[in-house]
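I opened my notebook to look up a few residues one at a time. The entries below keep the order in which I took them.

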Amino acid sequence: MTAQDALALLPEAALLAAAVGGLLVGLWTPQRAQRRVAWIAVAGCLVSAAAAAAVLGDPVRTVFSGTWTVDATTGVVRLAVAAATAAVVVLLRTELAGHPRETEAYVLTLLVALGADALAATTDALLLVAAYLLASVPAYTLTAFRKDARGTEAALKYYLLSALVGVVLLVGAAALVLGTGRTGYAAVSASLPAAAPAVAALAALGLLAAVLFKAGAVPVHFWVPDAVDGASPAVAALISTVPKIGAVAAAFRLVAGPFAETPAGLALGVALVAAASMTLGNLAAFWQTSLQRLLAYSTISQVGYLLMIVTVAGTVELAAPALRLYIAAYAVTNIGAFAAVAAVPRRTTLVGWAAGVTGRPWLLVSLVVCLLGLVGTPPTAVFLGKLGAFTTAADGGYAWLVVLAAVNSVASLFYYLRWVAPAFRVVTSTRPRRGTVPRPAVVVLHTAAATSLLLGITAGLLGASA
Amino acid sequence: MLLTVLVLLPALAGLVLVAARVPDRAASWAWVATSSVVVGLVAWLWWGFDPGGGFQYDVKLRWIPTVDASYHVGVDGLSLPLLALTAVLFWCCAVWSLRGTPRPRSHAALFLLLQTTCLGTFAALDLILFFLFFDLSIVAMYFVIAGWGHGDRRRSALTFFLYTFLGSLALLLGFIGLFLGSEPRTFDIVRLVEDPPWAGQSGTATWVLLALVVGLAVKTPLVPFHTWLPPAHTDAPAEGSAVLAGVLLKLGTFGFVRIAMPTLPDAWQRWGTWIVVIGVVSVLWGALVALAQDDLKRMIAYTSVNHMGYVLLGLGAVGVLARDGADGSGPAAAAGVAATGAVVQMVSHGLLTGALFLVAGMLWTRGGTYAFARWGGLARALPGFAVLFAVAAFGSLGLPGLSGFVAEFQIFAGSLAAVPVAVVVAVVGILLTAGLFLRALQRLLTGDLRVPDGVDTGGLGAVTTVERVAVVPLLALSVAVGLLPWVLVDVVGPAADGLVALVAR
């Protein structure tokens, strides 16, 4: 380990420093002044983002004996994670102002972010296990943070399923060691083809099951609706965005690296998972009345589109840039959608939300931008993400998957419109506005919508320079 | 630069209207002012346009270099008339809306956004840019129908959105297909036309063409993808229907001439006969179903299916002629005539159907219904309405002296040699259209005065100045094209010949 290696982890170090520093400061801060911990957390995210952006264009390098890779994918995940986490902290601040455990929430959020970064950057099976735990354990706590019945139940489900999958992950890592004697991806990909096919299959199954679980893909998605619906909007935004993008990046590395050649049929398996995720997520979302549950299923289907790119990882040249673009786009848009939920507090249903936006047309405009963004309408960022996903999957020979994804996109429009239509009706009526809305959540919503449009228009140029 | 200003000006004006909270009345006038400027810009564009000069006013800026998508816009003889149509029709709708509409500011802003999407689609020379504007037009139209329509507007708006969005995603798949077949890979229409993708791989080209045709057919709409159209038209406000039928349908047919035909010439030749069949089926189906309607607006909506069928008949015949001429004799001059007719038909239909929908809106304002059974004898009670409706109806049924005749005559004359049976069948469609318009005229204008319950027969009111100013330019232009067709044909003709040459490769 050299100083150079440590410096490469500066974005993660910033998050960790903010978490530890925030915890210490929080201990010595009176209840009413805990806002300063939120500032520390946001500052940590910004430093992390700045440090990540500074090395974004640099050549690929691996540090700590090849266990940690800093490339463009890591860089984009770091940026997206930092931005999303900052937004979550802002949302949390509104929810938790004056809460006795306010500091803990910020610290746990930062730790989840750290875990997501690690998931995305790791190129070693053992580090993957550690990252998995780091991205999971704080999230259980946050899910049950309100200590209400639904949150507790959701956290319990989340925890039990996660623990089960964690064991599968360990089995997979053990199989990898058994088959090749190594855990680093580079070494594994060289020697895995020589290992027994069953062992290779077991290893792939175990590692991928874990990252797909974190990503919330079918068939290991059962925790998503409960956890997202049971948690507060800010926490829901966190667990449906931050670990997810880290996990998808991890899946991409696994499919492009150690499992590129063996086991046979892996790509087809991922394609089937993608198809199942987008389809089942959409079908389940159709008739939901709870906003967060609807968004939970929407994130499952989004993961399906993201996995289209993972399917062709390593075989199509444009796959990595397409993945980076979609990850960034998804993070921005999904945060925006949850900020819309948070912007109209205590309204948890579609109809309730509509009633809450009377006289506030701009909230609806930003919501429309975010939801049409999730559908993939140009010029939002997710359109470019989907375009990349469709193009790379078709290029890799998965035309059927692309057709299915297109049909699913149309279907998803239906349930997003179920949210927009009643609100549009209310906004266009001339009823006066009622009550107040939390300003920070509104700011996050508008920022996300604007960023989505801006990214959609300029991402191509950014991608060229990065 | 001029073209970029033209395309983006309406959307920017709309944004300013909303952001600056302009007062309602001022917003309506600001909309009229903006659309006047757009008409002026198009006139300037037309003035400086050289019909034989290919793409002009073109601008190409880097946008997504990794897949060679760029901000590339330009005008040729195929798109210029449609840009002009868009400018004029939106101007008429702006004037029409001076009559007063709920929430005028957001109404004006949405229509201005819609205008940008339409102008942008016609000007786009890049597939992604084309798709961007194409898709946004659906979004804007959805909110127009859902917010300002009548009847079961939410359901109609939802049907419209879902159905046309399905079409646009099929189109996107087709675009991705074109991209993957190009070498080097590009989304640039000009480069795709220069070096057609999937040349020599007829199987894949057929699939790509199928995706494009389905996507564009939904928007056009062609039988059997037309079922979204009648409810959307019936429940949209008059100015919304006028724009939907007058301009948005053209985005579909324009896609055929701009993208599908020149980028997949082989496939277009091979499937030309089937395109003709789809066209003829749309002609007959649209006319027959229109004949069965007892609601004026639904009837006009179905005649759109009929009129767009002629366009496809002409374009399909181009493919057939190009295929038959592949033995070295070259496509007959007839192909150029058919292609010209198809483009003229787009413009003509936009003018006449736009006028028809606005005229139908007069009935809604006065009685809240479009049902034939509820109105009668309006020739005496509302003479202004009778004149405008009669002129628009005669134009739409193809009376010589109006633009519809010029267009349909060229389509038939050009297609006759290639697909004689289809042309004969399509002429039956003309007879049906004539019959249904004459019947509509008879029901609404003649006989004893009949008005919906609760409407004071004396209080129908004359056609107002605003209404007249909104409708008359459309009819005047239609007459102008009918009497002086060379004004339009001189611009369209060279570009249409160029298109034929591309298809005949």
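Predicted model: local features only at pLDDT ≥ 70, side-chain atom pairs only at ≥ 80, totals over all residues.

Entry one, T69(A). I looked up where T69(A) sits and found it in strand β2 of chain A, which covers residues 68-70. Is T69(A) buried or exposed? I noted a relative accessible area of 6% for T69(A), and because the cut-off for buried is under 20%, T69(A) counts as buried. I then checked its side chain and found a polar contact of 3.0 Å between the side chains of T69(A) and T123(A). Which residues is T69(A) in contact with, leaving aside its neighbours within four places in sequence? I listed V60(A), R61(A), T62(A), T74(A), A121(A), T123(A) and R253(A).

I turned to chain B and found S168(B) in helix α6, residues 153-181.

I went back to chain A and placed V20(A) in helix α2, residues 10-27. Which residues make a nonpolar surface patch with V20(A)? I wrote down L16(A), L24(A), L27(A) and W28(A), and with V20(A) they make a patch of about 590 Å².

Note on methods
Residues numbered from 1 in each chain as written. Chains lettered and ligands numbered in written order. Heavy atoms only, no water. Helix = DSSP H or I, 4+ residues; strand = E, 2+ residues; numbered from the N terminus. Buried < 20%, exposed > 50% of the residue type's maximum accessible area, 1.4 Å probe, protein only. Polar contact = N/O pair within 3.5 Å; in protein donor to acceptor, adjacent residues only side chain to side chain. Contact = heavy atoms within 4.5 Å. Patch = residues over 30% accessible without salt bridge, like charges linked within 9 Å, V, L, I, M, F, W, Y side chains within 5 Å. Areas by Shrake-Rupley, 256 points an atom, 1.4 Å probe, with all protein chains shown as cover. Salt bridge = Lys/Arg side-chain N within 4 Å of Asp/Glu carboxyl O.
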